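Biologist: Here's the model I want to go through with you. Could you walk me through the calls and the cut-offs behind them?

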Amino acid sequence: MYLSVDDALLTELLTSHTQTATTLPTAAENFQTAIRSRVFGRDPFEGIASRARRWRRHGAAGNPPFIALLAATVLAASRMNRSDNTAVGRFSYYGPLRELLGLYEGSGMPDGYDVIVPTLWDHLKWWLTDHEQGRRGLPSAIPHPTQVNIGWSLSQAVLVGSDRAQVGLFLSAIGAQPGDSVPEAELLARFQEWVRLNRPSPRIQRALASPELRPILASILQQELTHYDGLPRNAAGLPCVPLSLTTDAGGFPYGIAAHIPSHLRLESLSLNGDVIRVPPGAEWLPLMPPDQKLTPGSALELAVDTATLMLPARDLYVLQANDLVGKWTSVNTAEIGVPHRVLVRTAFAAQAEAVMLACGSDPVRQPRRVQVPPGWTLFSGYTPTRTAAARGVVGPLAPLHQQLARLSGGLRIDGGKQTYLLGYAPDLVLPATPDDHPRTVTIDGVPLPPVSPVSTDTITIRLADRVQSVGEHEIEVGNRKLTFTLVERYRESVALPLLALPPRSDKLATIPSRIPNSASPSTPAPWLPPGHLSGSFFGSYHRDPLPSTSLLRLGGSIYALGRNRLAAQLVPEAPAWIATMDHVPHAIDIEPLLVALPFQALWLLQVTSSQNARAWRAPIVKTGSSGLYGAPSGSWTILSRADWRRLTSGNITTTAVACAQDWTDYTAGK
């Protein structure tokens, strides 16, 4: 729980309450009038302190009666500035506080502040942690190492809610996991490097530049890591889903795709009035950007009902081919041995090219036919073979840039969380660190010799040679713990299929039907239609096999050929049962068209755009019986005999050797 109060938040709250536009001075004056009615006199804080004691003594019924005063101390901290006559190492905090509370008599710390205000922060901590059991959040206010009295308020004023979302994205970018512990100095150094790439708010930049605020910022980063659950969150507590830039070849047009974390359950997203369903287990979700002319270098934040989608603004994008999206997709850092494309502002192009060569890649190229925005340069053919020292904008070009220790490779078993096959354990990757301090590594409690690499080196420890027993294993790298499990064998329990292909007339139909199962998907069906089980037939009678799968998904032009040189061009469409299961544009079912034709089709001919032609034996159907299938999903056009001769006179291949003579006999009129 964050009590990050500033003038902008007061204006937003008053505007929301009154439903009218409000200015900063008006909101500040309203709050100032309200707090001065409670804080006044020679002992200004005693009245609120007395109510706080009674509130806690009587079971803490209702909200804490001192929240407004604590908010006022944070507001004063957000207004403080270093004045010219302020000694180095001191804060101009009590001046704004006295102005806000109307305590004009005297200067410096008001009477009773050093006793009452820290006690109220302690009351708030007790209420959130013990009384509410974390239902309203956990306390985030922390004391300052030297500014004992005002440190609590400073910790809430250094960052606001939107800034803390940036901290979550930073933890996600470096590969932090729940339960990690990283020294404050290392965490602050990594954050400062991350800030160079992601253009954070001026508030974060001021905190990094201030010697007085840097220790507070380091403590905030450490606290955020302690409460990190693997998902960045915004000020409202909603998860922040990272967006990636997508492109066909590195140039226009650009799109976006959401990278859905595996432990985030999203069934749908409501975006710009449209409800987008998220398929179960989806890792990537391509989206249509609100601005059809999305350009690199600009930040994008989309608010949906259950999450916030965020695309940070960058001056360099590392692009990687993504099979799940079907496009080049931006990633946080480059990977060793993986081809990349790099889109970078022209001002940093020479620096980026030097880093790519330093990472062991062959000389990169600049594609000439790909259109990129003005002021940007596209490189292709970047495949790093090692890491190198790189900071600032070009840092993501170095593999494992700013990453924490992690597990990589191994034969991971799908369906198991960090579960690997015995003998194929993952490797432990120790990326370069910001300093040259040796890293201690223990495997199942057994320490390894100290690892003291050069700061630009990445060390890989092969765990398959060191861990050779079944069960759970724990790796400790400094304060970071990684766990994985080895198994000898793995078998998933799969529910029985509920999709069957029942027989119709003299063959298996290609339209599936669902077998009722009222008990459970994992138990056998209560009944099965006679003569089949999930498409398999039993008995001595003969049935024609299913048509080739390729007949269900054909591209190009499709023709049906019959006796007496009859021909028709088929224009099939995806029937409803395919459209709801598979979004393949050319997925078709031609059988209803063959049934509806006015002649018996003997052969099917496919002619592709490259003029390649293939012939199949048409499945035997009963023409004129379209009532069994309903209206065909498509249409046809009867062709002339001259068209039949032109279709059959080309170089046509058949799907089987045995069909070649039959095709020859057919074209000869036999």
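Biologist: Let's start with His473: what strand is the place of His473 in?

Modeller: His473 sits in strand S18, residues 471-477. Helices (H or I, at least four residues) and strands (E, at least two) are DSSP runs, numbered from the N terminus. Before we go on: this is a predicted model, where local features need pLDDT of at least 70, side-chain atom pairs count only at pLDDT 80 or more, and totals for chains, interfaces and linings use all residues. Residues are numbered from 1 along each chain as its sequence is written, and side-chain values use heavy atoms, with hydrogens and water left out.

Biologist: Why is His473 called buried?

Modeller: Buried means under 20% relative accessible area, exposed over 50%, partly exposed in between (1.4 Å probe, protein chains only). His473 has 4%, so it counts as buried.

Biologist: And what makes His473 and Asp444 a polar contact?

Modeller: The rule asks for a pair of N or O atoms within 3.5 Å; within protein, one must be able to donate a hydrogen and the other to accept it, and residues adjacent in sequence count only if both atoms are side-chain atoms. The side chains of His473 and Asp444 are joined at 2.8 Å, so the distance passes. A polar atom of the His473 side chain also lies 3.4 Å from the backbone oxygen of Gly471.

Biologist: Which residues does His473 touch, not counting those up to four places away in sequence?

Modeller: Asp444, Val467, Leu482, Thr483, Phe484 and Leu486. Contact here means heavy atoms within 4.5 Å.

Biologist: Moving to the strands, how do you know that S8 and S9 pair?

Modeller: Two strands pair if DSSP finds at least two bridges between them. S8 (residues 316-322) and S9 have five, so they pair, and they run antiparallel. In their hairpin, with four residues between the strands, Gly326 takes a positive phi near 80°.

Biologist: What joins S1 to S9?

Modeller: Two bridges, between S1 (residues 240-247) and S9 (residues 327-331), so the pair meets the requirement of at least two. These strands run antiparallel, and Thr246 stands opposite Thr329 in S9.

Biologist: How many aromatic pairs turn up in the whole structure?

Modeller: The search finds 15. Among them, Trp55 and Trp126 are edge-to-face, at 6.1 Å centre to centre with 90° between the planes. They link distant parts of the chain, with Trp55 in helix H3 (residues 46-57) and Trp126 in helix H6 (residues 113-131), 71 residues apart.

Biologist: Why is the pair of Trp663 and Tyr666 called tilted?

Modeller: Rings of Phe, Tyr and Trp (its six-membered ring) pair if their centres lie within 6.5 Å; planes under 30 degrees apart count as stacked, over 60 as edge-to-face and the rest as tilted. The centres of Trp663 and Tyr666 are 5.8 Å apart and their planes are at 35°, so the pair is tilted. Both are in helix H16 (residues 657-667), three residues apart, about one helical turn.

Biologist: What makes Tyr666 count as buried?

Modeller: Its relative accessibility is 9%, and the limit is under 20%, so Tyr666 is buried.
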